[in-house]
Amino acid sequence: MTDIQADKEAGADAYRVLARKYRPTTFGQLIGQDALVRTLTNAITSGRLAQGYMLTGVRGVGKTTTARLIARALNCVGPDGKGGPTPDPCGVCAHCTAIAEDRHVDVLEMDAASRTGIDDIRELLEGVRYRPTSARYKIYIVDEVHMLSEKAFNALLKTLEEPPEHVKFIFATTEIRKVPVTVLSRCQRFDLRRIESAELEKLFAGISQREGADVEDGALKLIARAADGSARDGLSILDQAISQAAGKRVTEMAVRDMLGLADRALVFELLDAVMSGDVKKALGILAGQYAAGASPVVVVQDLLELVHWLTRMKVAPEGAADPALAETERTRGLVMASKLGMPVLSRAWQMLIKGLGEARAAPMPLQAVEMVLVRMAYVADMPTPADAIKQLESGGGVPVRAPAPSAPTNGGGVRAVASAGVAAERVPQPTAQLAPQAVSLPAPQTFAEIVELFEKKREARTAALLKRNVRLVRFEQGLIEFNSDQHTPKDLAGQVGKLLTEWTGQRWVVGVVNTAGQPTLHEQEIEHAKSDPLVKSILDAFPGATIAAVRKADDESR
Ligand SMILES: [Zn+2]
């Protein structure tokens with residue numbers, strides 16, 4: 001979509017022809033805004049007109065068009081020059097035509113995006129107290145009103161609080177939250193909703209026909225989807241597509257190329273390759289798409305869309321009947337959805353979402369997307385965390401690496417618990433048990449063994465302090481020096497020395513020193529757990545997951 005965007009900004013006029021030509025001139029032509037039209041009609045027919053109107057909605061939904069329509073409705077005098085405000089402006093009287101051509105002396109427009117200051121608004125409001133020159137109402141249209149400075153808002157508010165009867169304000173904004181409540185409370189608010197793609201498709205089909213252009217249905221669908229709720233954006237794309245086709249049929253392929261979209265069938269194939277762990281094939285497809293002009297970021301977006309759709313197919317096959325999809329795609333989707341498990345799909349979603357962010361931020365998006373695909377294909381072979389645990393607990397064949405002998409935590413088996421945030425909601429807590437080792441502790445050889453001894457002797461509180469609060473500085477047989485934080489009881493060292501001497505029958509000297517020391521055992525365990533392949537796969541599969549705790553496997557068996 002980026003190329004189109006750039007074109008639109010660079011040559012706005014070149015592509016706005018259709019949008020201007022088919023700008024709605026009556027409320028009836030405003031598509032998708034039924035609620036707004038109904039409320040306005042009621043207000044006008046019952047004569048209860050608000051002093052100000054606030055139109056809000058995403059860019060391109062028709063805010064300024066609606067503002068001008070309201071201006072017409074308020075000032076129309078009808079073909080015979082005798083009519084009053086009407087929900088159905090005639091379109092032929094002097095006021096209607098002048099407003100349509102942006103040249104009505106009593107309808108003043110200001111774009112607050114470029115004129116944000118107090119002087120701008122003062123200048124605009126200067127004539128507020130004078131009666132309109134020719135029309136019934138003096139109408140002030142302020143676009144992007146949220147951009148006004150605080151002072152400008154205050155000036156505006158003064159007028160809004162005591163407006164002369166002949167003045168009406170129509171504000172438009174894309175960011176309603178930035179408009180002060182004091183202003184909002186004096187306006188009747190209308191939320192212009194994003195136009196649905198089916199409605200847009202119908203609109204574009206009608207306009208193509210009136211333009212005498214032959215546009216394939218698939219092309220119209222793509223344009224409607226790319227328009228993302230905006231009639232204006234969609235018409236710009238349609239305009240461009242028609243002029244590119246130069247009198248010939250506008251094909252789906254041509255629009256796809258123009259929009260930098262990947263071929264839909266290839267998106268299926270790509271996901272299929274990735275999910276079956278075929279890295280080579282996946283990268284080949286990506287390279288082909290890239291060469292054909294598809295943006296790598298768009299490829300990830302397409303994959304996300306497909307994964308989302310497959311997930312919905314799984315939950316409710318009948319509800320996922322997207323009319324924008326061809327029958328062949330639907331059949332293929334059903335097969336894929338039945339093949340892939342729900343945890344696998346949600347893992348794919350997580351990885352793609354993370355990948356999308358990376359691809360957008362990367363200086364070379366293609367490489368970033370390649371990495372995403374490689375990662376996904378690699379994980380595709382792996383069991384989901386839930387399956388891995390099941391296999392492990394039933395003694396199944398998931399390879400598990402024993403803790404390295406040099407590791408400070410090699411006393412017993414450790415169990416890592418990863419908390420995976422949202423991702424883990426429906427997955428049982430991913431826990432992984434590593435190979436347990438037999439432990440005998442006549443004389444502790446490491447600090448970890450000391451802690452273990454305290455656990456065995458049911459000195460849980462002391463063991464926890466040693467593990468979490470103590471940073472080991474020196475360890476020898478009979479000598480321990482450590483550094484501890486202010487939360488550690490002062491007599492900890494004395495207690496530990498006394499008990500150790502008692503239990504081992506050997507003298508132990510334990511002292512507190514001021515040197516920095518090693519990370520705590522607890523910190524080391526977490527670091528260690530992270531390097532375990534199984535835990536690593538869990539962390540990779542659930543971006544954003546962190547290890548919450550590392551527990552001894554035999555904690556619960558006691
Ligand atoms: Zn009129």
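Good morning. Two residues are counted as in contact if their C-beta atoms, placed from the backbone, lie within 7 Å. I begin there, as contacts run through this presentation.

The model is a predicted one, in which local features need pLDDT of at least 70 and side-chain atom pairs count only at pLDDT 80 or more, while totals for chains, interfaces and linings use all residues. Residue numbers start from 1 along each chain as its sequence is written.

First, the chain as a whole. The protein chain has 25 helices and eleven strands; these are DSSP runs numbered from the N terminus, with helices being H or I of at least four residues and strands being E of at least two. Of its 558 residues, 36% count as buried. A residue is buried if 20 or more other C-beta atoms lie within 10 Å of its own, exposed if 12 or fewer, and partly exposed in between, again with C-beta atoms placed from the backbone. Among contacts in the protein chain with a separation of 6 or more, 72% involve residues 24 or more positions apart.

Let me turn to helix packing. Two packed helices are described by the angle between their axes and the distance between the axes. Axes here are lines fitted to C-alpha atoms, for helices over the stretch in contact, and angles run from 0 to 180 degrees between N-to-C directions.

The axes of helix α10, residues 197–211, and helix α11, residues 217–227, come within 8 Å and cross at roughly 125 degrees. The two helices, α10 and α11, are therefore oblique to each other. By the cut-offs, angles under 35 degrees count as roughly parallel, over 145 as roughly antiparallel, 65 to 115 as roughly perpendicular, and the rest as oblique. The crossing of α10 with α11 is right-handed; that term applies if the near helix is turned clockwise from the far one by less than a right angle, and left-handed applies if anticlockwise. On the α10 side the contact involves S197, L200, E201, F204 and A205, and on the α11 side L220, K221, I223, A224, R225 and A227. Seven residues of this contact between α10 and α11 are nonpolar, one is polar and three are charged. In that classification Ala, Val, Leu, Ile, Met, Phe, Trp, Tyr, Cys and Pro count as nonpolar, Asp, Glu, Lys and Arg as charged, and the others, Gly among them, as polar.

A second pair is formed by helix α21, residues 447–456, and helix α22, residues 460–468, whose axes come within 7 Å and cross at roughly 160 degrees. Helices α21 and α22 are therefore roughly antiparallel to each other, and their crossing is left-handed. I450, V451, F454 and E455 of α21 make the contact with A460, T462, A463, L466 and K467 of α22. Within α22, the residues A463, L465, L466 and K467 are buried.

Which strands form it, and in what order? Three strands form an open sheet in the order β8-β9-β10, with mixed pairing; two strands pair if DSSP finds at least two bridges between them. The edge strands, each pairing on one side only, are β8 (470–476) and β10 (509–512). From one strand to the next, the twist averages 20 degrees. Helix α23, residues 492–504, packs on the sheet and touches β9 and β10, its direction making about 170 degrees with that of β10.

Strand β9, residues 479–484, pairs with β8 in the antiparallel sense over six bridges, and with β10 in the parallel sense over four bridges. β8 and β9 form a hairpin with two residues between them, and G478 in the turn has a positive phi of about 85 degrees.

F475 lies in strand β8. With 16 C-beta neighbours inside 10 Å, F475 counts as partly exposed. Beyond its neighbours within four places in sequence, F475 is in contact with F447 and I480.

Finally, strand β3, residues 138–143. Six of its six residues are buried, so β3 is largely enclosed by the rest of the structure. Strand β2, residues 107–111, pairs with β3 in the parallel sense over five bridges, and the bridge partner of M110 in β3 is V142. Thank you.
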